[in-house]
Amino acid sequence: MTLQRAQLAARGITAQLRVSPMPFNVADLHPYWKACRARHPHWGLQIRQATYTGPFGQLRSGAMDVLVAWLPVEEPDFEVGPNLSTDSRILAVAADHPLAERDSVPLELLADFPHGTANGLPDYWEDSYLPFYTPRGRTIERIASAASDNGDDLISYVGMGETIHAFPGHFTGNWGMHNIRWLPLPETATLTFALVWRTEAENDLIRALANTVRDLGVFRF
């Protein structure tokens, strides 16, 4: 028995579920975790921020049990569970960027400037977050890949004027930086985040969390 398992057993915890949310403002999601813990006090629930590089690979490797990811997720070995939250998308630009004084930004203008990205994202999944092409077919270029796992590099590139980048709207509450302007992207659809897990790894703990989310309903940032 590992030290961690021994410590859990000493607290009466018989199993532990590891959940990794992509949404950055996890404090707003605490009611779900608290409700699940209250319903199942004999099970542990560990919440750790998901990485921005290769989150599907981490789920497949068993480094996490449940990922909270934006939809669609179209992986044959994954089960998509209940929706957890929804959010808008908002564009981050440097305070002195040519777009900074606009009230909002149409998708067509995104092709005029380079964007950042993260490594290890399936093309269809990345395209669902920010399309590779504008409505008129112009390429929305990605030039910088995040080296960090928490998005800090992506916002750093923006602040230095190297890129612009679309983030979920709730990020504005976490990164209140004087050198960044946040601009609405009215032509982008609402993001929906759902619980995702490996089909073959489904167990009572995962089903219990999924039932809790269904009972509490969808949180709207």
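Start with helix α5, residues 152–159, in this predicted model. Which of its residues are buried? Asp153, Leu154, Ile155, Tyr157 and Val158. What do they pack against? Five strands are on the list: β5 (89–94), β6 (115–118), β7 (142–146), β8 (165–168) and β9 (180–184). Just past the end of α5 sits glycine 161, and its phi is positive, about 80 degrees.

Now the rings. How many aromatic pairs does a search of the whole structure find? Eight. Take phenylalanine 56 with phenylalanine 78. Their geometry is edge-to-face. Phenylalanine 56 is buried, at 3% relative accessible area. Phenylalanine 78 is buried too, at 7%.

Next pair: phenylalanine 167 and tryptophan 182. This one is edge-to-face, with 5.8 Å centre to centre and 70 degrees between the planes. Phenylalanine 167 is in strand β8 and tryptophan 182 in strand β9, 15 residues apart, so to speak of the pair is to speak of a link between distant parts of the chain. Both phenylalanine 167 and tryptophan 182 are buried.

Last, the cluster. Ring pairs join Phe56, Trp70, Phe78, Trp125 and Tyr129. Tyrosine 129 also has a charged neighbour: arginine 89 lies over the ring face, 5.8 Å from its centre.

Terms used. Residues numbered from 1 in each chain as written. Predicted model: local features only at pLDDT ≥ 70, side-chain atom pairs only at ≥ 80, totals over all residues. Heavy atoms only, no water. Buried < 20%, exposed > 50% of the residue type's maximum accessible area, 1.4 Å probe, protein only. Helix = DSSP H or I, 4+ residues; strand = E, 2+ residues; numbered from the N terminus. Contact = heavy atoms within 4.5 Å. Phe/Tyr/Trp six-rings, centres within 6.5 Å; stacked < 30°, edge-to-face > 60°. Lys NZ or Arg CZ within 6 Å of the ring centre and 35° of its normal.
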